[in-house]
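Work through the exercises below with the model open. Try each task before reading its solution.

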Amino acid sequence: MSAERRTRLSPEDRRSQLVAAGVAALAEHPLDTVTIEFLSRAAGVSRALVFHYFGSQAGLRRELVRTARDSMLRATEPIAELAAQERLDDTLRRIVEFVEQHRGTFYSLVRGVASADAEVRRVVEEARREQADRVTAVALELGSPDSPLLRIALRSWVAFAEEVLVESVLEHELPADEIVGFLSRSALAVAASIDADGADSA
C-alpha cells in the first residue's frame, strides 16, 4: 500500500505518461490501431482510466497527433541566425532526421489528414501551414515577390514534400543529402516559377 502511495502519479503526470506511451506506440503501429484498449494494455492500466483522461477514441487520437505534431515542429524549428538558403537546408535536414528517427510518428501525421475526425485533420493542417510559412519566409528573403499564388504553391509543395519523405526515407531509405538537396531545389524552383508580373496582378 505504501509503495502504491509513493509511486502514485498526479493526474497531469498520469495523462502525460499515457500520451507518451501512445506516441511511442506510433513507432510500430498505425494511428488507427492505437485504441483505448491498446493503450490500456501497453501502459498497464485499466481501460476506464484511459477513457477518463481522453473521453473517447477520437479524443485519444487527437491528443496523440497533436503531441506528435508539436514534437516535429519543435525538432525542426528554423535557426533564425542562419542565412535563408542555409536555414532552409538545415531545416530540411532536421526534418529528414526526424522522419528517420520517428518513422511511425511521421507516417501517422501525414496520413492523419485522411482521418474521419475533423479535429485530427485540423491538427495536421496546422503543421502543414507552419511548414509552408517557414519555406515562404525563405523564398521571400531570396527575392520572390509575395503573392497569393506563391503561398498557394508553397503550401502545395509541403504536401509534395511529405510524399517525397514517405517514399524516399520510409520506403527506399535514400541518402539524407540526396533527399535534402532535392527538396531544397524543388521548393526554390516552385517559388521561382511564379511569374513576377502575374504575382503583382494577383
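Contact here means heavy atoms within 4.5 Å. The model is predicted.

**Exercise 1. Leu60**

Solution: 
- Step 1. Now take Leu18, 42 residues from Leu60 along the chain. The two C-alpha atoms are separated by 9.6 Å.

**Exercise 2. The annotated span and Ser40**

Task: Which residues does UniProt list for "DNA-binding region"? Describe that span, then examine Ser40.

Solution: 
- Step 1. The UniProt record, an unreviewed entry, lists residues 35–54 under that name. Such annotations may be inferred rather than shown by experiment.
- Step 2. In the model, residues 35–54 are 80% helix and 0% strand. The end C-alpha atoms of the span lie 11 Å apart.
- Step 3. Ser40 sits in helix 3, residues 36–43.
- Step 4. Ser40 has 8% relative accessibility and therefore counts as buried.
- Step 5. Leave out neighbours within four places in sequence. Ser40 is then in contact with Val45, Ser46, Arg47 and Val50.

**Exercise 3. The aromatic pair**

Task: How many aromatic pairs does a search of the whole structure find? Describe the geometry and the setting.

Solution: 
- Step 1. The search finds one pair.
- Step 2. Its members are Phe160 and Phe182, with 6.0 Å centre to centre and 55° between the planes.
- Step 3. Planes under 30 degrees apart count as stacked, and over 60 as edge-to-face. At 55°, the pair of Phe160 and Phe182 is tilted.
- Step 4. Phe160 lies in helix 9 (residues 148–171) and Phe182 in helix 10 (residues 176–192), so the pair ties together parts 22 residues apart in sequence.
- Step 5. Phe160 is partly exposed, at 37% relative accessibility. Phe182 is partly exposed too, at 36%.

**Exercise 4. Helix 10**

Task: Check the span of helix 10, then find what its buried residues pack against.

Solution: 
- Step 1. Helix 10 has 17 residues. From first C-alpha to last it reaches 24 Å, close to the 24 Å expected at 1.5 Å a residue.
- Step 2. Pick out the buried residues of helix 10, among them Ile179, Val180, Leu183 and Ala187.
- Step 3. The buried residues of helix 10 pack against helix 6 (84–101), helix 8 (118–141) and helix 9.

Notes: Residues numbered from 1 in each chain as written. Predicted model: local features only at pLDDT ≥ 70, side-chain atom pairs only at ≥ 80, totals over all residues. Heavy atoms only, no water. Helix = DSSP H or I, 4+ residues; strand = E, 2+ residues; numbered from the N terminus. Buried < 20%, exposed > 50% of the residue type's maximum accessible area, 1.4 Å probe, protein only. Phe/Tyr/Trp six-rings, centres within 6.5 Å; stacked < 30°, edge-to-face > 60°. Expected span 1.5 Å × (residues − 1).
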